[in-house]
Amino acid sequence: MTTDSQTIEQLANREYQFGFVTDVEQDSFPPGLDEGVVRRLSALKGEPDWMTEWRLKALRHWQGMREPTWANVRYSPIDYQAISYYSAPRSLAKSPKSLAEVDPELLRTYEKLGIPLHEREALAGVAVDAVFDSVSVATTFKAKLAEQGVLFCPMSEAIREHPELVRRYLGSVVPPGDNFFAALNSAVFSDGSFVFVPRGVRCPMELSTYFRINARNTGQFERTLIVAEAGAHVSYLEGCTAPMRDENQLHAAVVELVALDDASIKYSTVQNWYPGDKEGRGGIYNFVTKRGLAKGRRSKISWTQVETGSAITWKYPSCILQGDESVGEFYSVAVTNNRQQADTGTKMIHVGRRTRSNIVSKGISAGHGQNTYRGQVKILKSAADARNFSQCDSMLIGDQCGAHTFPYIDVQNPTAQMEHEASTSKIGEDQIFYCNQRGIDTEDAVSMIVNGFCKEVFSKSAICTLRSTTTRSCTASTSRCDPARCTPSWAPTARASPRSRRSWPAGTNTTSAPAKCCSTAATCSRWRPRSARARACSSPSSTRWRFPACRTPTSCALPSTPCASTVACPSSTPSRS
Amino acid sequence: MSEGAVSAEAQAPAAWLADLGEARLDHEPESVRAMRARGLERFSERGFPRPNEEDWRFTNVAAVARTRFLRPPAGIDTAAAGRALASAGLAHCHEVVFVDGRHVPELSSPGVPPAGVAVHSLARARPADWEAFGAELGRRADVVNRPFAALATGLFEDGAVIDFAPGAVVETPVHLIFWSSAHAQPTATFPRVLVRAGENARATVVESYRGAARGVTLVCPVTELVAEAGAAIDHYKLQHESLDAFHLALFHVEAGRGANVSSQTFSLGAAIARHDVQAVLGGEGAEVTLNGLYLVRGRQLADFHMRVDHARAHTTSHELFKGVLDERARGVFNGRIHVHPQAQKTDAKQTSRNLLLSAEALVNANPQLEIFADDVRCTHGSTVGQLDDQAIFYLRSRGIGLEAARSLLTYAFAADIVERTRVEPLRRQLQEFLLAWIPHGEVVREAV
């Protein structure tokens, strides 16, 4: 057991990798919030009057609200007047027309984070909107998406250029007065992404937004709105990081999804905000409202989240299953380490007939982390033959952490079938012993067990690096990317475009492209480790893996689901190697 | 009843309390008087629970707050109560009967209790008796967070203290019957029970709360059960009050080192039945089993609020609750398992299953886990639904009619708990009730 705890301790002590600060000149509002600030923000964004009014209404509502205290998290009170509600790099004030005009320092930041903003260099199949503090730096592939009629742009641009769409859907799922943080966000949101997929269009590429907090004393309040018209399909991924600071910073976002008849929206999150240090100093307060409205018949909304960062997470991505036969899904892995606290889960509100929902939540607590699953399944009278399955499992690593489960189940229709299961366990000494006995060292064993624990969520995700983010955060440096699980059936298969072939010439093996090794392994359908000690995602050592049937660049060295490289590949480089 | 009126009453329960007067027993020591004062003070301070409180979200007790309850009249019609209780008795049990909250020796089993058992009525307790149990009474029941337990602590008039001697093996179950007769005015009683099982004692206790078919009564029992090291106690509680009654109970069980407590609650009557159950596994190796069954119809509400505290290592708890709901009945299940930091190797299991027979029935289930130790195995499961179509189809394909098939499956669902009852006469009584309760029970009677 001593070895186990030592290894786990070492791993728990790992530093946050994205904690650097970008040194750019910033324009920030002075701290404080009143009508003047909201008007100034709205004017700065060149918003129409209705938008300003909408914000002011939300602000007035917020001023009359009290901060919720029911969540199972503890933090010292937030002084909302000490936060600056707008901060943007000065170089972006002139709104650059193309990437060439963007401050190279900003581009370097995203390069460091592994976010491809140069379209020609970017991997095919993913469009990125990069948000830096309060503003969007760049959005790639806009033109290509526009060919299909897909709108993908920063929210502020959407308000200016597509006011009719924004006005119709903004606040339709999360009303401005929904809750304390949603009201605050409605008043001061600065940017975010707007996605509109017209009738019958399958969005040709993955959409992705990358949020970065950089400035001190600011909060980030972004607003995302995704609308999928009848028969449309879109898959969206968000990622986020922030510098290491001793102070706490507030991130209060609102995400709204609307799916009409037969539409489907898949929303994935890799949340890796700065979690604070070992003593719990600093870190982001992540108070987010996310809700999807499955409005049309047979529509589908799927949330996948991997929550590894943030000092405090308060987040309940929900689905309102209004259309008959609509489907809601929630797959979550939440990891709390050191002094992190997470209170997260989902709400599934069944309104339509034959609606189905599926909840799989995996919580991992280590160090002094406190992890809470809080969920509600509500089956209304109208929801005949509704079906729900919930599973929430917790894993505890170390004896100072806690895992809590609070599922609320309200069933008002007897034809509904609902099942809820929960379990809590630790990594058993016997399991570790079994692995050790078979020549797998403790670290690998822990990694393997954690992977197995989370496999139901990972298997739903396009992002094989979700896995590495998780294992890295909680237990082991190594993460085995099981390729079969990295390429789910719904994910757009990697296209062997000439361009990507050029950038990955034959003979390029994973060693020369460490950051991409993860995706590389992901495309190989047949593979096996040469030894149990080999590490799939650990860059140089991954050459030790043998990919029997995929030596050719088209099948092996090809970048796969690009989102993997977008967000997580930097993180998949283990610090141990 | 408007919300405003409720809160007004809730803020000023003084008038409501005044109707019930004060309670004071002969020879009651100073410490008990102080405990009563604390209970009443706490209740007056917080008032009636409101639906905006997390613990009372689904159970609205406004009807209790707006009804004026009186103490039952002093004279007891022993003969009438005896007739009513004729069918309630259990064969081969030592019975202790309380009518309208007061001990009636004439109706209780004659003679001394079985060897190893001491039974005291609180109202008849002498100073020497109080010396023996005065300090224990009310020591564990949580009056801070349980408003009706606070109320009952302030107002109890009688009750039973049962002591099982260390090492005693008591074959004869002790059966406490609390009978509420029908009165013209709504009446309130506050039965109080303390069960102490000495080291390695083995015994069975049955609590029956029964009432006339109709009549508004408020029954707020507080039961404390302490099982010392190695004791094994079987506890049964049957709630079969009048359909207009309010039954708001607290059951507190504490299991010491290696003790084993098994408790089964059957909630069949009452308009609102609320069972707060608190189990503390306070010694290593303690094991607690809490099972429950509720059968509700009409506008009945059955509410189970469970809290299991694993305070020591190597403790085990099992909970299985089943509910059958018909017509416009409502069921609430709130189960919380709290594993304290030092309670390593805890094994906790909690299951809540609910069967809805009608479209208007409603279930609110909220199983919760709070875990602060790392080496534990905790699971909970909750299901709500109708009868399984496939099972019905299977029976029909074998020539059993639809109604009969449904009845058989409903019976099987509920009988799972009933059959765990180890007190034979009680089990038979429950089976009879179940057969009479489920639709088309006569079909099942032929089959089982």
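## Chain A: fold and surface

In chain A, 83% of the contacts between residues at least 6 apart in sequence join residues at least 24 apart. Contact here means heavy atoms within 4.5 Å. This is a predicted model: local features need pLDDT of at least 70, side-chain atom pairs count only at pLDDT 80 or more, and totals for chains, interfaces and linings use all residues. Residues are numbered from 1 along each chain as its sequence is written, chains are lettered from A and ligands numbered from 1 in the order written, and side-chain values use heavy atoms, with hydrogens and water left out.

Chain A holds 16 helices and 24 strands. These are DSSP runs, numbered from the N terminus: helices are H or I with at least four residues, strands E with at least two. Of the 577 residues in chain A, 64% are buried. Buried means under 20% relative accessible area, exposed over 50%, and partly exposed in between (1.4 Å probe, protein chains only). The accessible surface of chain A is about 20500 Å², with 49% of it on carbon and sulfur atoms. Areas come from the Shrake-Rupley method with a 1.4 Å probe; for residues, only the protein chains shown count as cover.

## Aromatic pairs

Rings of Phe, Tyr and Trp (its six-membered ring) pair if their centres lie within 6.5 Å; planes under 30 degrees apart are stacked, over 60 edge-to-face, and the rest tilted. Over all chains, this rule gives 32 aromatic pairs. A:Tyr75 and A:Phe287 have ring centres 5.4 Å apart and planes at 40°, so they form a tilted pair. The two sit 212 residues apart: A:Tyr75 in the loop between helix H3 (49-63) and strand S2 (87-89), A:Phe287 in strand S13 (residues 283-294). A:Tyr75 is partly exposed at 24% relative accessible area, while A:Phe287 is buried at 1%.

Ring pairs also join a cluster whose members include A:Trp62, A:Tyr75, A:Phe287 and A:Trp314. In chain B, B:Phe48 and B:Phe148 form a tilted pair, 6.2 Å centre to centre with 50° between the planes. Both B:Phe48 and B:Phe148 are buried.

## Charges over rings

The charged end of A:Arg55 sits over the ring of A:Phe189, 4.2 Å from its centre. A:Lys362 does likewise with A:Phe453, at 5.1 Å. The rule asks for NZ of Lys or CZ of Arg within 6 Å of the ring centre and within 35 degrees of the ring normal.

## The A–B interface

Chain A and chain B bury about 2600 Å² between them. Buried area is the accessible area (1.4 Å probe) that two parts lose on being put together, summed over both. The contact takes 31 residues from chain A and 35 from chain B.
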